[in-house]
Amino acid sequence: MTVIDLTQPLGPGMPAFPGSAPPRFEAAATVAADGFAETRLVLSTHGGTHLDAPAHLIPGGRTVDDYPPGHFLGRGVALDLGPGRPDRAAWDRALGGCAFALLRTGWSRRWGTPGYFAGFPTLDRDTARWLAGRGLRGVGVDAPSVDPVESPDLPVHRELLAAGVVIVENLADLSPLPAAPFWFSCLPLPLAGADGSPVRAVAGVW
């Protein structure tokens, strides 16, 4: 099996969603001064490649630790998402037996540029509702969000999260993924009561 890393590097100076602060890494101890190294991290639960749990937007929604670890592992498929309404018939055929749909937009190539957070393709609410009814565990995207940054109501988020479907955002380059289904993992940190978490997202291809 070839393992493909789909995670953007997490560190100081990385792109942060408008209105959010980037991570801070601070030396809590050093080998020179203390005989060991330790780093203090200040992170958002929604920074870098991360997942949104229902509690992110749904009152009383499930938190990250409400899901068993196995929920974040399963068969995935890459679906091409461009401008306009997607071909649901083609998506329906591709999704058979899959737990995760990864929306491939090509937007990850803009990671680290000023234009990353504007103009990326997103789902429409009807397609999000259709996906939410497919029995998926998660929907991922190689862009900042499944809704436009300026969206006041985040309707796509709400359709998916209300159905218990986690959302994985800021995935790295999805172009190496095959047309056939693959194994996908987006394990979060087991943060008690958290609305989201950074993840290490990988795909396994045979």
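I begin with a pairing of charged side chains: R134 and D92 form a salt bridge, with their closest N and O atoms 2.4 Å apart. R134 sits in the loop between α3 and β7, and D92 belongs to helix α2, residues 88–94, so this pair ties together parts that are 42 residues apart in sequence. R134 is partly exposed, with a relative accessible area of 31%. D92 is likewise partly exposed, at 32%. Please bear in mind throughout that this is a predicted model.

Salt bridges that share partners also join R125, D126, R129 and E159 into one network. The count of salt bridges comes to eight.

Let me turn to another of these pairs. D5 and R200 meet through their side chains in a salt bridge, at 2.8 Å from N to O. Strand β1, residues 2–5, contains D5, and strand β10, residues 196–205, contains R200, so the pair ties together parts that are 195 residues apart in sequence. D5 is partly exposed, with a relative accessible area of 38%, while R200 counts as exposed at 53%.

A further salt bridge brings together the side chains of R104 and D80, again with an N to O distance of 2.8 Å. This pair links distant parts of the chain, R104 being in strand β6 and D80 in strand β5, 24 residues apart. What is the accessibility of R104, and does that count as buried or exposed? R104 has 16% relative accessibility and so counts as buried, the limit being under 20%. D80, by contrast, is exposed at 51% relative accessibility.

D142 is buried yet has no salt bridge. Which side chain of opposite charge is nearest to D142, and how far away is it? The answer is R104, at 6.7 Å, whereas a salt bridge would require a nitrogen within 4 Å of a carboxyl oxygen. D142 lies in the loop between β7, residues 138–141, and α4, residues 155–162. Leaving aside neighbours within four places in sequence, the contacts of D142 include L103, R104, T105, G106, W107 and S108, together with Y116, L171, A172 and L174.

In soluble globular proteins, nonpolar side chains tend to be buried together. Here the largest nonpolar core has 30 residues, of which W91, L95, L103, L131 and L160 touch the most other members. Which elements each supply at least two residues of this core? They are β5 (73–80), β6 (100–104), α3 (125–132), β7 and α4. The largest share, four residues, comes from α3. Not counting residues up to four places away in sequence, L103 touches L79, L81, W91, L123, V139, G140, V141, D142 and L174. A second, separate core of 24 residues includes I4, L6, L171 and A203.

L171 is also a contact of Q8, which touches T49, S108, W111, N170, L171 and A172 when residues up to four places away in sequence are not counted. Q8 is located in the loop between β1 and β2, the latter spanning residues 24–29. Q8 is buried, with a relative accessible area of 10%. Between Q8 and H50 the C-alpha to C-alpha distance is 9.5 Å, although the two are 42 residues apart in sequence.

Most residues other than glycine have a negative phi. The phi of N170, however, is positive, near 60°. N170 lies in the loop between β8, residues 166–169, and β9, and is buried with a relative accessible area of 6%. L154 also has a positive phi, of about 50°, although it is not a glycine. Its place is in the loop between β7 and α4, the loop in which D142 lies.

Which residues make the nonpolar surface patch of about 510 Å²? The patch is made by M1, V3, W183 and W206. Of these, W183 is found in strand β9, residues 182–188, and counts as partly exposed at 30% relative accessibility.

Conventions:
Residues numbered from 1 in each chain as written. Predicted model: local features only at pLDDT ≥ 70, side-chain atom pairs only at ≥ 80, totals over all residues. Heavy atoms only, no water. Buried < 20%, exposed > 50% of the residue type's maximum accessible area, 1.4 Å probe, protein only. Lys, Arg positive; Asp, Glu negative; His and termini not counted. Contact = heavy atoms within 4.5 Å. Patch = residues over 30% accessible without salt bridge, like charges linked within 9 Å, V, L, I, M, F, W, Y side chains within 5 Å. Areas by Shrake-Rupley, 256 points an atom, 1.4 Å probe, with all protein chains shown as cover. Core = buried A, V, L, I, M, F, W, Y, C linked by side-chain atoms within 4.5 Å.
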